[in-house]
Amino acid sequence: MVALKEFLSSAKIEESKIYKELQCNNNEALILRELCKNYILSLSSVNAFTLLSSVFGTEDYSYLDALDDVKNLIERGFISQNSSFFKGIEGQKTRNSKLSLLQTELSLSEYFLEFLEEKPQLPIQKKEFYNDYMEYLKDEFLRIELYERLSFIKANRSSLKAQIKAYEKYIAQCLKKSKFYNVLGDIFKEYKLESKEQIIFLALLKEEYLFSNDNSIIRELDSLLALISENDLEKRKNRKFLEEGARLLNLIEYDEYLNNFGDITKSFFISDEILERIIHFEPKQGKKIKIETALKEQDIFELIEPNTDINDVIMPSNTKELLHSILKQLDKKVVERLHLWGIKKSKNIEAKIIFYGPPGTGKTLSALSMAKSMKKNVLSFDCSKILSKWVGESEQNVRKIFDTYKNIVQTCKQNPILLLNEADQFLSTRIQSSSGSDKMHNQMQNIFLEQIERFSGVIIATTNFLENLDSAFSRRFDYKIEFKKPDFGHRLKMWEKFLPKNAEFETEFSLKTLAKYELSGAQILMVVKNTALKAAVSKEGVFTMKDFIESIEKELHSSFDTSKIVGF
């Protein structure tokens with residue numbers, strides 16, 4: 001408490017140790033000192049007018065000049081307001097005035113009181129490993145306290161930085177030797193958060209564990225940026241971490257509001273979904289099971305990790321615009337707003353989509369690209385495998401598709417997109433017939449219809465024929481999107497995309513000639529691969545028009561016709 005005593009009694013406040021450490025001016029230091037004097041006399045709060053008039057006097061209303069200093073101290077979290085004056089709607093017009101500060105009670109913030117404690121250097125050799133998650137979390141919160149302290153001092157910064165660096169090294173070493181399930185580490189990896197983003201997230205998580213209110217100064221934009229920034233220039237650069245489109249906004253949310261001085265500010269908090277995942281994880285189960293591991297126990301689905309974006313797919317502009325529109329509607333914030341308004345029953349992202357059109361027109365590729373844009377994996381099922389010659393088995397297999405999907409979702413805590421390729425037999429009009437096979441087929445469709453009705457998540461079904469779509473299925477799918485055969489312009493783009501960039505072509509080679517052939521995207525890709533094989537085994541290693549035309553003719557007249565090609 002030596003530094004505090006000096007601060008309270010020093011004739012020249014600017015020579016005190018605390019003043020030298022704080023980033024504040026002389027008037028701000030005088031205000032803080034007066035609040036400290038009241039605090040040690042058991043007066044935790046004092047009227048702003050009483051405070052300012054005692055420090056600066058009332059002659060010529062000089063105390064009014066210090067209102068800007070009070071405002072700065074409040075905004076930086078050094079002092080707090082204790083008044084209900086600003087809570088009421090009727091006070092909206094007056095609360096934006098600095099003069100209204102005179103009507104409030106002021107007190108030292110917890111933030112500043114922790115600074116006065118002069119906590120000693122942290123012991124970094126206290127343990128070799130963490131016994132459990134909470135033991136680790138306490139150290140992370142202590143690390144955030146050091147960053148908070150660093151954010152408002154101007155002296156001894158290098159010493160505190162060294163302490164932070166040593167503490168971070170200690171935490172990392174402990175983690176390497178620890179065996180508990182680190183749900184926080186999994187979240188950081190999953191969302192690919194870098195160190196500055198992790199500090200912001202941990203600061204908000206600390207507030208949740210402290211049960212602080214939504215108006216806590218630490219939650220505000222400037223305070224969070226101060227944790228990861230050396231100066232105002234860095235603050236401006238680091239705003240990217242909290243602006244629209246930033247990775248962090250997949251985990252945290254914010255409210256915008258007018259503060260007590262009429263300025264628009266943002267207050268951030270961790271989303272309910274992520275907070276639930278952190279607080280209520282089950283450590284006894286160990287790390288969450290990866291989808292790949294869960295799939296080893298079944299032979300139904302193929303796991304696909306998408307590597308193409310919607311913008312990579314060549315398709316008509318109106319189709320691409322429609323897919324972008326769907327993606328916007330499936331955005332997490334949009335879904336949560338609809339839930340808040342009572343339009344949606346749950347916060348889960350849900351959509352039932354049909355892609356229809358001729359084979360090879362990009363249906364499957366577009367489904368995978370949507371999954372990439374949504375940051376989801378795909379569980380793909382070939383519906384042609386569902387038929388069984390044994391009575392009743394097809395119906396059981398339909399249930400097995402959806403039951404297995406639900407089990408994977410629950411086990412892995414993920415919601416991959418369910419892709420049903422070649423779903424023609426499921427979606428076709430039910431047959432009015434008395435034959436046993438037709439009845440079984442209808443029964444299989446009824447079960448599929450029932451499962452679609454109950455499905456929660458994103459499901460995409462591809463089909464080559466929409467003409468025979470049963471009306472019952474049509475009503476249960478949110479979107480039905482047609483994929484047409486590419487026109488000349490799109491075929492030209494596909495040839496340009498699929499042809500190898502570093503290969504040698506004969507002088508007579510003509511892209512426009514190749515694009516005249518009415519091939520689908522899948523067929524163009526197949527022709528390029530077949531022609532490349534011919535060129536690779538040839539003596540010259542050159543792509544010729546003759547080889548291209550032969551491959552095209554073979555593809556157009558092959559006995560393995562395009563009905564076997566689904567998507568591309």
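**Exercise 1. Which residues is Phe-268 in contact with, leaving aside its neighbours within four places in sequence?**

Some ground rules come before the solution. This is a predicted model, where local features need pLDDT of at least 70, side-chain atom pairs count only at pLDDT 80 or more, and totals for chains, interfaces and linings use all residues. Residues are numbered from 1 along each chain as its sequence is written, and side-chain values use heavy atoms, without hydrogens and water.

*Solution.*
- Step 1. Apply the cut-off: contact means heavy atoms within 4.5 Å.
- Step 2. List the partners of Phe-268: Leu-204, Arg-219, Leu-221, Leu-224, Leu-242, Leu-249, Ile-252, Glu-253 and Tyr-254.

**Exercise 2. Find the residues that touch the most other members of the largest nonpolar core.**

*Solution.*
- Step 1. Define the core: buried Ala, Val, Leu, Ile, Met, Phe, Trp, Tyr and Cys residues joined through side-chain atoms within 4.5 Å. Buried means under 20% relative accessible area, exposed over 50%, partly exposed in between (1.4 Å probe, protein chains only).
- Step 2. Pick from the 48 residues: Leu-184, Phe-201, Leu-205, Leu-242, Ile-252 and Phe-268.
- Step 3. Look at the elements. Helices (H or I, at least four residues) and strands (E, at least two) are DSSP runs, numbered from the N terminus. Those giving two or more residues include α8 (133-150), β4 (252-258) and β5 (264-270). α8 gives the most, with eight residues.
- Step 4. Note a second, separate core of 36 residues, which includes Phe-7, Leu-73, Phe-78 and Phe-112.

In soluble globular proteins, nonpolar side chains tend to be buried together.

**Exercise 3. Describe how helix α23 (residues 488-498) is capped and covered.**

*Solution.*
- Step 1. Go to the N-terminal end. Asp-487 caps it, with a side-chain oxygen 3.2 Å from the backbone nitrogen of Gly-489.
- Step 2. Find the buried residues of α23: His-490, Arg-491, Leu-492, Met-494, Trp-495 and Phe-498.
- Step 3. Name what covers them. The cover includes α24 (511-515), α25 (521-537) and α26 (545-557).

**Exercise 4. Is Lys-192 buried or exposed?**

*Solution.*
- Step 1. Locate Lys-192: the loop between α10 and α11.
- Step 2. Check the backbone. Phi of Lys-192 is positive, about 55 degrees, although this residue is not a glycine. Most residues other than glycine have a negative phi.
- Step 3. Decide. Lys-192 counts as exposed because its relative accessibility is 63%.

**Exercise 5. Is Thr-361 buried or exposed?**

*Solution.*
- Step 1. Locate Thr-361: the loop between β7 (351-356) and α18.
- Step 2. Decide. Its relative accessibility is 8%, so Thr-361 counts as buried.

Key:
A polar contact is a pair of N or O atoms within 3.5 Å; within protein, one must be able to donate a hydrogen and the other to accept it, and residues adjacent in sequence count only if both atoms are side-chain atoms.
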